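Me: Hi, could you walk me through this one? I'll ask things as they come up.

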Amino acid sequence: MRPFFAVGLVFAGCCSNVIFLELLARKHPGCGNIVTFAQFLFIAVEGFLFEADLGRKQPAIPIRYYAIMVTMFFTVSVVNNYALNLNIAMPLHMIFRSGSLIANMVLGIIILKKRYSIFKYTSIALVSVGIFICTFMSAKQVTSQSSLSENDGFQAFAWWLLGIGALTFALLMSARMGIFQETLYKQFGKHSKEALFYNHALPLPGFIFLASDIYDHAVLFNKSGESGVIQYNDLTVSEAEFQSYS
């Protein structure tokens with residue numbers, strides 16, 4: 001029963017995360033950096049209190065290895081966020097990132113010289129077909145929505161291609177990070193909670209370069225709930241007027 005409960009929590013958490021992220025992205029496009037910063041900050045504070053014991057616990061894996069892993073992790077997070085600004089729909093974003101299985105297998109064969117069973121190759125092939133179909137239909141949707149003029153359609157499609165390139169880069173970088181993490185665990189032992197803490201704490205200074213974007217969206221978030229004013233059917237009305245309508 002416990003495995004089913006754990007799997008259910010994972011699915012519920014992932015699905016709710018995607019739903020609310022899409023709602024935020026629709027309301028405030030480009031808000032991915034502030035969402036990522038909040039996530040990193042929360043996990044870093046929790047890990048500092050309970051895993052690092054307020055900094056008194058020494059890491060089992062040397063910090064220099066975490067620095068390499070953190071560089072890759074931070075790059076993947078930022079690139080995935082900016083892909084949403086490049087005509088990439090949230091469903092495609094989610095499905096494309098599920099292609100990590102493909103990237104892990106390809107890099108595992110190239111770097112670690114791994115070999116897999118025919119069933120795993122078949123499974124990866126089926127996943128690849130699904131991602132290709134979704135990507136192809138998304139491309140058709142982009143061109144059809146931007147059919148007002150040929151120039152606008154080409155520009156929208158070019159931005160979409162750039163977004164696909166960004167997602168592909170992030171996918172391969174994430175797979176390379178997974179292989180690097182696997183080699184570290186073989187050498188120093190598995191310390192997943194420690195890795196979770198350092199992977200989120202060490203990149204925090206990097207958000208300084210995104211400070212203006214994070215601040216701008218924090219201001220937008222604070223403006224979205226002004227007291228006494230309600231947005232209703234594209235009309236801004238007072239709370240008293242809204243109650244009188246209902």
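**Chatting through the model**

Reply: Let's start with leucine 54, which counts as partly exposed because its relative accessibility is 44%. Buried means under 20% relative accessible area, exposed means over 50%, and partly exposed is in between (1.4 Å probe, protein chains only). Bear in mind that this is a predicted model, where local features need pLDDT of at least 70 and side-chain atom pairs count only at pLDDT 80 or more, while totals for chains, interfaces and linings use all residues. Residues are numbered from 1 along each chain as its sequence is written, and side-chain values use heavy atoms, leaving out hydrogens and water.

Me: OK! Where is leucine 54 found?

Reply: Leucine 54 is in the loop that runs between helix 2 (32–50) and helix 3 (63–83). Helices here are DSSP runs of H or I with at least four residues, strands are E runs of at least two, and both are numbered from the N terminus.

Me: Which residues form the nonpolar patch on the surface?

Reply: Leu54 is in it, together with Leu41, Val45, Phe48, Leu49 and Phe50, and the patch has about 560 Å² of accessible area. Patch members have over 30% relative accessible area and no salt bridge; nonpolar side chains (Val, Leu, Ile, Met, Phe, Trp, Tyr) are joined within 5 Å, and like charges within 9 Å. A salt bridge is a side-chain nitrogen of Lys or Arg within 4 Å of a carboxyl oxygen of Asp or Glu. The areas come from the Shrake-Rupley method with a 1.4 Å probe, and for residues only the protein chains shown count as cover.

Me: And glutamate 51, is that buried or exposed?

Reply: Glutamate 51 counts as buried, because its relative accessibility is 18%. Glutamate 51 also sits in the loop between helix 2 and helix 3. Setting aside neighbours within four places in sequence, glutamate 51 contacts Glu46, Lys57, Lys193, Glu194 and Phe197, where contact means heavy atoms within 4.5 Å.

Me: New topic: how many aromatic pairs are there?

Reply: The count is 10 aromatic pairs. Rings of Phe, Tyr and Trp (its six-membered ring) pair if their centres lie within 6.5 Å; planes under 30 degrees apart are stacked, over 60 edge-to-face, and the rest tilted. Phenylalanine 40 and phenylalanine 73 are stacked, because their ring centres are 5.4 Å apart and their planes are at 15°.

Me: What does phenylalanine 40 form with phenylalanine 207?

Reply: An edge-to-face aromatic pair, with 5.5 Å centre to centre and 75° between the planes. Phenylalanine 207 lies in the loop between helix 8 and helix 9 (211–223) and phenylalanine 40 in helix 2, so the pair ties together parts 167 residues apart in sequence. Phenylalanine 40 is buried, at a relative accessible area of 1%, and phenylalanine 207 is buried too, at 5%. Phe37, Phe40, Phe73, Phe74 and Phe207 form one aromatic cluster.

Me: What about histidine 191, where does it lie?

Reply: Histidine 191 lies in the loop between helix 7 (150–188) and helix 8 (192–201). Histidine 191 counts as partly exposed because its relative accessibility is 27%. Beyond residues up to four places away in sequence, histidine 191 touches Ala60, Ile61, Tyr66 and Tyr185.

Me: And phenylalanine 132, buried or exposed?

Reply: Phenylalanine 132, in helix 6 (residues 118–145), counts as exposed because its relative accessibility is 59%.
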